Amino acid sequence: MFNLSNLPFEKPALEPFISEKTLEFHYGKHHQTYVDNLNKLIAGTDLENLSVLEIIKKTAGQPEQSSVFNNAAQIYNHDFFWSSLRAVNEKKEISEDFSSLVNASFGGWDNFREEFKNCALTQFGSGWAWLVKDGEKLAFLKTANADSAFLHGVKPLLVIDVWEHAYYLDYQNRRADFALALIDNLLNWDFALNNFRS
Ligand code: MN3
């Protein structure tokens, strides 16, 4: 039996870039529904006592388990997304160590920002734009629907949810503006650096 995990910030803490209203729906309705659905789907099955990660690995690529996979992976991806964000008033300078990684991987912050935005923008339909560790460098990866970066042989560092439910109330169709608002104001680069090193 899974519970909805707590947000690592208060619901108004991401304003004006992500509204409290968006979080009420995105976290309180969409994320909650994935948790409720998974609990119903695994009740009384041999998946019941596994962790979310174990369920994802066990059901990935199996068409008859797609509902279980989709709900479990969406729980993992959303938990990772909330951890990728930080409250506006906790915004900090980007650390020298993270800047060095960005420079070594992309030649500078402007390229990094542009490529991250393009990754978010060019995911056709619903999905996720990931910053990942690829060898000793940073890279971007987009995944569709509930698919998750860790299933692709790379370590996820940070993610932007690009499902319409993530931005439509605040940005309508302007996904690029949403991505840039997160890159410029809300993404937790220390979380990414810690993941890179762990
Ligand atoms: Mn979402």
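Glu114 and Lys117 both belong to helix 5 (residues 109-122), where three residues, about one turn of the helix, separate them; helices (H or I, at least four residues) and strands (E, at least two) are DSSP runs, numbered from the N terminus. An α-helix has 3.6 residues a turn, so residues three or four places apart point the same way. The two side chains form a salt bridge, with 3.3 Å between the closest N and O atoms; the term denotes a side-chain nitrogen of Lys or Arg within 4 Å of a carboxyl oxygen of Asp or Glu. Glu114 is partly exposed because its relative accessibility is 37%, whereas Lys117 counts as buried because its value is 15%. Here buried means under 20% relative accessible area, exposed over 50%, and partly exposed in between (1.4 Å probe, protein chains only).

The model is predicted, so local features need pLDDT of at least 70 and side-chain atom pairs count only at pLDDT 80 or more, while totals for chains, interfaces and linings use all residues. Residues are numbered from 1 along each chain as its sequence is written, and side-chain values use heavy atoms, with hydrogens and water left out.

By the salt-bridge rule the count comes to six. One of them joins Asp190 to Lys92, with the closest N and O atoms 2.8 Å apart. This pair links distant parts of the chain, as Asp190 lies in helix 8 (residues 189-197) and Lys92 in the loop between helix 3 and helix 4 (96-106), 98 residues apart. Asp190 is partly exposed, with a relative accessible area of 24%. Arg86, Lys92 and Asp190 are linked in a network of salt bridges. Another salt bridge connects Arg174 with Asp177, the closest N and O atoms being 3.0 Å apart. Arg174 is partly exposed at 37% relative accessibility, and Asp177 is partly exposed at 37%.

The manganese ion has as protein donors His26 (NE2), His78 (NE2), Asp161 (OD) and His165 (NE2), which lie 1.9 to 2.1 Å from the ion. Donors are N, O and S atoms within 2.8 Å of the metal (3.2 Å for Na, K and Ca); water is not among the atoms, so sites may look incomplete. The spacing of the donor residues in sequence is H-x51-H-x82-D-x3-H. Distant parts of the chain are linked by the pair of His78, in helix 3 (residues 66-83), and Asp161, in strand 3 (residues 155-161), which are 83 residues apart. His78 counts as buried, with a relative accessibility of 0%, and Asp161 is buried with a relative accessible area of 0%.

His165 is also one of the buried residues of helix 6 (residues 164-171), together with Ala166, Tyr167 and Tyr171. The elements covering these buried residues include helix 1 (20-42), helix 3, strand 3 and helix 7 (175-186), where contact means heavy atoms within 4.5 Å. Gln172 follows helix 6 and lies in the loop between helix 6 and helix 7. Although not a glycine, Gln172 has a positive phi of about 50 degrees. Its relative accessible area is 35%, which means that Gln172 is partly exposed.

Asn145, in the loop between strand 2 (137-144) and strand 3, is not a glycine either but has a positive phi of about 55 degrees. Most residues other than glycine have a negative phi, and most peptide bonds are trans. The peptide bond from Glu15 to Pro16 is cis, with omega near 5 degrees, and Pro16 lies in the segment before helix 1.

Gln74 lies in helix 3 and counts as buried at 1% relative accessibility. Leaving aside neighbours within four places in sequence, Gln74 is in contact with Tyr34, Trp128, Asn145, Ala146 and Trp163. The side chains of Gln74 and Trp128 are joined by a polar contact of 3.2 Å. A polar contact is a pair of N or O atoms within 3.5 Å; within protein, one must be able to donate a hydrogen and the other to accept it, and residues adjacent in sequence count only if both atoms are side-chain atoms.

The protein chain is divided into domain 1 (19-83) and domain 2 (93-197), with bounds from an automatic or database domain assignment. Their contact takes 21 residues from domain 1 and 24 residues from domain 2. Across this interface the rule finds zero salt bridges.
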